[in-house]
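Please read it beside the sequence and the model shown here.

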Amino acid sequence: MEFSREKIRQIRRLMLLAAFLVLVLIYSEVVFQGIAFLWGILSPFLVGGAIAFVLNIPMRAIEEKLLFRWRGKSAGRLKRPVSMVLSLVTVVFIITVVVVTVVPQVATTAAEVGKKIPAFLDEMIEELDKLTKKYPELAKQVSNLEQLEMNWESILNSIFDFLKNGAGDMLNSTVNVASGIISGVVNAVISFIFALYILSQKENLADQGRRILAAYLPEAFCGRTQEIFSLLYRNFSSFITGQCLEAVILGVMFVIAMTIFGMPYALMVGVLIAFTALIPIVGAFIGCAVGAFLILIDNPLLALWFIILFLVLQQIEGNLIYPKVVGNSVGLPAIWVLMAVSVGGSLFGVAGMLLFIPLMSSCYALLRESVNRRNAGKRISVSERRQVPGASRPEEDADPRKKAKTKIKTGKRDTD
């Protein structure tokens, strides 16, 4: 049996791929170290690309809807810088509103908690005195604890040894923390500058990417790759827009409901829940914990009612609003949205929740397109067979008796 050249090439590629996978498995530790090293180098640029992608959504809306009349050379040159500045101002304004609304209230509540701690301790001591008087056995156990002898010398020696040995570790940890902070600030600056560069030159970068794909990939594969990238861009943009819209809806629901029921901190809790709800499904629970703590300081019973209100609104949001708003924005059915959040959160935490919904939406769209194309091809082949005179029908192929009857009617004899 002879193989064609194309077949030999395919076998050779499969053998090379299998050898590569075996080497990766054998030297997996070295491979993971290399991946971690590359991630450390490329992480500022990847983060910068993510920042540019997020900022491009409001910037594009500003260019197309607010500054669409700016035409000509002079206006065209100013259009991009003005839209970039406005998008940055919008994001900074939203973050500032959240910080100004939430942080002072949390600080005030923490100060109130600090003032109430001494009174709470006095109440606990009084309750303990009542318990010891009511239950003499408890008082006896407390007196036994008081009579225990403490080896203060050994305790002091242990403390001195800890301070002596821990001083170097504390110094090393301080240096590591300081270097981590400095490197984090440097990486943040690099990421921000890289994001601004991408936003200012995004058309040129996109054109360069298309030219690279056209140079190194076959024409059909190049076109298909560009279609997939366009699909990913649309899905990620729609997901971010839908997620922000869903967060605003949830925050407004809490503000209105808490105002109707006369609960304190309605605006602050609504803003906090709207901000934390950017994390899919589970983000609002962070805002719930902070809001319940703040209300607990004033009225413990009202805090319980707030938790009940949160559970009711969360069920409405999680089962009705979120799958509809986010699912419709990315073209993904509600059940797959919940599955993407669950799987992504289990594998990669919060980042997985944010990434898996648009990724699953893209895979869902590609699979749907492939299935529809294959089914359409099968329907065309069946219809062509029915149009050919003397061609057997599918049901005749399935039933030999019908096939024999057809041959007898047409005057054909089975020569098998």
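## Secondary structure and basis

The secondary structure of the chain comes to 13 helices and zero strands, where helices (H or I, at least four residues) and strands (E, at least two) are DSSP runs numbered from the N terminus. Read from the N terminus on, the order of elements is α-α-α-α-α-α-α-α-α-α-α-α-α. Buried residues make up 23% of the 416 residues in the chain; buried means under 20% relative accessible area, exposed means over 50%, and partly exposed lies in between (1.4 Å probe, protein chains only). Among contacts between residues at least 6 apart in sequence, 65% join residues at least 24 apart, a contact being heavy atoms within 4.5 Å.

This is a predicted model, in which local features need pLDDT of at least 70 and side-chain atom pairs count only at pLDDT 80 or more, while totals for chains, interfaces and linings use all residues. Residues are numbered from 1 along each chain as its sequence is written, and side-chain values use heavy atoms, with hydrogens and water left out.

## Helix 2 against helix 7

Two packed helices are described by the angle between their axes and the distance between the axes. For helix 2 and helix 7, the axes come within 10 Å and cross at roughly 75 degrees; axes are lines fitted to C-alpha atoms, for helices over the stretch in contact, and angles run from 0 to 180 degrees between N-to-C directions. Helix 2 and helix 7 are therefore roughly perpendicular to each other, given that angles under 35 degrees count as roughly parallel, over 145 as roughly antiparallel, 65 to 115 as roughly perpendicular and the rest as oblique. On the side of helix 2 the contact is made by Phe 53, Val 54, Asn 56, Ile 57 and Arg 60, and on the side of helix 7 by Tyr 233, Phe 236, Ser 237, Ile 240 and Thr 241. These residues divide into six nonpolar, three polar and one charged, with Ala, Val, Leu, Ile, Met, Phe, Trp, Tyr, Cys and Pro counted as nonpolar, Asp, Glu, Lys and Arg as charged, and the others, Gly among them, as polar.

Leaving aside its neighbours within four places in sequence, Ile 240 is in contact with Phe 53, Val 54 and Ile 57. Ile 240 and Leu 354, although 114 residues apart in sequence, are 8.7 Å apart in space, C-alpha to C-alpha.

Ala 247, Leu 250, Gly 251, Phe 254, Val 255, Met 258 and Thr 259 of helix 7 meet Ala 266, Leu 267, Val 269, Gly 270, Ile 273 and Ala 274 of helix 8. By class, this contact has 10 nonpolar, three polar and no charged residues.

Helix 8 (residues 266-276) and helix 9 (residues 284-298) have axes that come within 7 Å and cross at roughly 155 degrees, and they are therefore also roughly antiparallel to each other. From helix 8, Met 268, Val 269, Leu 272, Ile 273 and Thr 276 meet Ala 284, Ile 286, Gly 287, Cys 288, Val 290, Gly 291 and Leu 294 in helix 9. The contact of helix 8 with helix 9 has nine nonpolar, three polar and no charged residues.

## Aromatic pairs

Rings of Phe, Tyr and Trp (its six-membered ring) pair if their centres lie within 6.5 Å, and planes under 30 degrees apart count as stacked, over 60 as edge-to-face and the rest as tilted. By this rule the count comes to six aromatic pairs. The rings of Phe 53 and Phe 236 have their centres 6.2 Å apart and their planes at 90 degrees, so the pair is edge-to-face. This pair links distant parts of the chain, with Phe 53 in helix 2 (residues 28-66) and Phe 236 in helix 7 (residues 219-260), 183 residues apart. Phe 53 counts as partly exposed at 24% relative accessibility, whereas Phe 236 is buried at 18%.

The rings of Phe 285 and Phe 310 have their centres 5.1 Å apart and their planes at 75 degrees, so this pair is edge-to-face. Phe 285 lies in helix 9 and Phe 310 in helix 10 (residues 300-330), 25 residues apart. Phe 285 is partly exposed, with a relative accessible area of 40%, and Phe 310 is buried at 1%. Ring pairs link Phe 254, Phe 285, Phe 306 and Phe 310 into a cluster.
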